[in-house]
Amino acid sequence: MNKTFKLKLDGIEKAVTAEVVDKKIWFKLYDQVFSCDLIELVDAGFKKAKTISKSPDRILAPMPGKVTKVFVSENQTVQKGDALLVMEAMKMEYTLKADISATVEKIFSKVSDQVTLGFLLVQLKEHK
Amino acid sequence: MKKMKRIAIANRGEVAVRIIRACEELGLETVLLHSDADIHSRAYRLATKTICIGPAATSLSYLNIEANIGAAIAAGADAVHPGFGFLSENADFAEQCEKNGLTFIGPSSDTIRKLGDKVSFKSLAKTAGLPLIPGYEGQDQSLPELLKQVEMIGLPVIVKAAAGGGGRGMKLITELKTAQVQIESAQREALSAFGSSQVFLEKYLERAKHIEFQIFGDSTGHVVHLFDRECSVQRRHQKIIEEATSPSLTVELRRKMGEVACTIATLGKYQSAGTVEFLLQDNEFYLLEVNTRLQVEHPVTEEVLNVDLVKMQLLTAQGNFVFSPQDIRIPKGHSIECRVYAENPYQLGMPSTGKLGLVSWPEGPRRRFEFGFEAGDVITPHYDPMIAKVIVWDENRSRAIEKMIRTLKDSTVFGVHTNIPYLIEILDHQEFRSGKMTTKFIETYFAEGLKPKHADEQIRAWAHAINKAMKSPNDFSQRSDVVSPWTSHWRGV
C-alpha cells in the first residue's frame, strides 16, 4: 500500500508519497518520482544497523552516502581524533574520526562505495 | 439500419478501455479479444465478456486474423472494433470480417487497400493532382535529365540509391553548381553498394512539420474533415506529443489542406474515422499517407470540437450517423496530448517493465486520462510501451502547455519508470512553446535523453529516510493528519 506523509528532508518538511513495489521503494518528492532498490538499502546496512550496536571500536556510517576518502590502512595505529575516512552525502562531507587510540583491524569499504546508514566501515582494536 | 447488440474489441490497453466506454454509453455489450498476458488489465475487468485468443506473442494473438474472427463469431458479436495498431489497417482482416457477417468498424477493405497501400495511394493522389513530396523516380538516368529534374524539384534535393537504404548512396544537393558532382558520387556509391547506379531524386524537407487532418465519412458516404492536429514532436517516427489545432496553419493553409484531405478520402470512398497526414514546410504542404483507422491522438480533436469519434464510429457502423449540413463545427481553445511510455528517460528511453504500484492521475477541469492499467497490473515486455495518455484542454495554447506541465507533475506512476520527466522538459522547451518545432525537434535538442537532476546518493539518502519513516508508522501518524482529508478539510464546511 502506498502512504502519504510529511517528512523532514534537507531540513524542510515535505509531503512524500511512497510505496514498496517488488523490492523497490518508489517515492514522489519535488514533483518527481524516484525509485531505489530496497535490497541495496536493507542488505547493505539497514538490517545490520539494527544488529550492530554502537561502540567506540566500530566505525559505522552515520548517514547513507558515498565513501570519498580512506586515510588509513589495516594494521595501522591511530590516535584518538585521527581522521579515518570521509563520507559524502547530499553534497555534504563528513569526516569520521577515531574516538579511541587503537589499531585498524579491518576496513570494510573502499573509495566510491555507496553505503547505507549504520554500515560497518572500519573495525578498530582498542589499545588497552 | 443494423441494430447491433455486441461489439468485439480486437485490441488491448487504453484504447480497448476507450472503446468499451463508448459502447456502454450506447448500450452495447463488449467482448474483449485478449491474449493470455493481458488478464491483469483494466479492459479485461471492464468488458462485458472476455475471450482469450492466444498467448502473449502478438503473431499468435492480436495479429492472428483467424483467432480474432473465430472468437468474435463464437461470442456472438455483431461487429469488430480493431482500435489502432495490430489489425486495424489490415485489409485482409476487414475483408474476413465482412465475409463472416461481422461489421468491421472502420472503412471497407477496398478503402483500406486503396488508401492504406503506399503505391496505390500515391498513384491515386497523383492522378487527382494532389500535392505529393516532389521527386523523380524515372528510368531516364542521364545526367542532363537528372540535372533538369533537380531544378524542377527545387533545392535542396536528396539523391537516393534506388536499390538502397541505410543512408548509403545518399547525397544532399544544396547548390546547383555542385549538383553534377553529387549525382555522380551518388551513382558511384549506389553502383558499388547495391550493384545498380540508378538513383531517385526527392525534395529534402529539413524543417518540416507533421500536420494531419481528421477525416470522417458518415453512413451515407459524405466525408468531412474535423480539422487538424500537429504531431511534430517525434522520436524515431514515433509521436510523443500531439495537439489540436496546429499552431502553424494560417486560415488559408487550413482551408486548402482540409480540401485535399477530403478529396483523397472521398476518392477512397471513406467511411468512419481516418487521418490524412501531411508534411508542411515554408507554407508548402505535401501529402504523406492516410491512416485508415482511429488515431492514437484522436482525443485532442474531440476536445477542441466536443465530439466523440468512437461513438460516431459505432453509430456509423449501425447506419445511423449522418452529418447534417447545418452542423458547422468550429474548433475552440487548444488541446494537447502526451503519451506516457513505460521507459526510463534517464537511460535513453530504455523500456521499463514490472508490476504497477500506485497509479494516480490528478483529476481536474478539462484534464483527461486514458489509461489501460492500474495498481497491481503488470506491464509486460510483449507490447507497446504506451501505458496511458494525458490530454488537457484550455483557452489557448500557452495555458494548455502550463496545464499539461502541472498535470504531469501531479501524476504518479510507481512500479515502472515513465517518460513523464522527459515530457515535462519537452513542453517547457522554448522551441516547443514558440510552436515552431519541426520533426527534427527531438534529435536536435533531446538526442542524449535526460540528465538526472539529483545524484544517486541523494536519492538513496531520501529513500533511506522514507523507508525508515514508512516502517515506523508512529513517527508520522500525527503529522500525516495534515494530508488526511478527514481531520482538516471538513472543518468549517
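This is a predicted model: local features need pLDDT of at least 70, side-chain atom pairs count only at pLDDT 80 or more; totals for chains, interfaces and linings use all residues.
Trainee: Is B:Lys209 buried or exposed?

Mentor: B:Lys209 belongs to strand S10 of chain B, which covers residues 209-217. Its relative accessible area is 9%, and because the cut-off for a buried residue is under 20%, B:Lys209 is classed as buried.

Trainee: Which side chain is joined to that of B:Lys209 by a polar contact of 2.6 Å?

Mentor: Leaving aside neighbours within four places in sequence, the residues in contact with B:Lys209 include B:Ser232, B:Phe278, B:Gly435 and B:Glu230. From B:Gly435, the backbone oxygen lies 2.8 Å from a polar atom of the B:Lys209 side chain. The polar contact of 2.6 Å, which joins two side chains, is with B:Glu230.

Trainee: Turning to the two chains, which residues meet in a salt bridge across the interface?

Mentor: The contact draws 44 residues from chain A and 37 residues from chain B, and the rule finds 1 salt bridge across the interface. With a distance of 3.1 Å from N to O, this pairing brings together the side chains of B:Arg406 and A:Asp31.

Trainee: Which element gives the largest share of the side of chain B that touches chain A?

Mentor: The elements of chain B that give two or more residues to this side are helix H12 (397-409), strand S23 (412-413) and helix H16 (456-471). The largest share amounts to 15 residues, and the element that provides them is H16(B).

Key
Residues are numbered from 1 along each chain as its sequence is written. Chains are lettered from A and ligands numbered from 1 in the order in which they are written. Side-chain values use heavy atoms; hydrogens and water are left out. Contact means heavy atoms within 4.5 Å. A salt bridge is a side-chain nitrogen of Lys or Arg within 4 Å of a carboxyl oxygen of Asp or Glu. Helices (H or I, at least four residues) and strands (E, at least two) are DSSP runs, numbered from the N terminus. Buried means under 20% relative accessible area, exposed over 50%, partly exposed in between (1.4 Å probe, protein chains only). A polar contact is a pair of N or O atoms within 3.5 Å; within protein, one must be able to donate a hydrogen and the other to accept it, and residues adjacent in sequence count only if both atoms are side-chain atoms.
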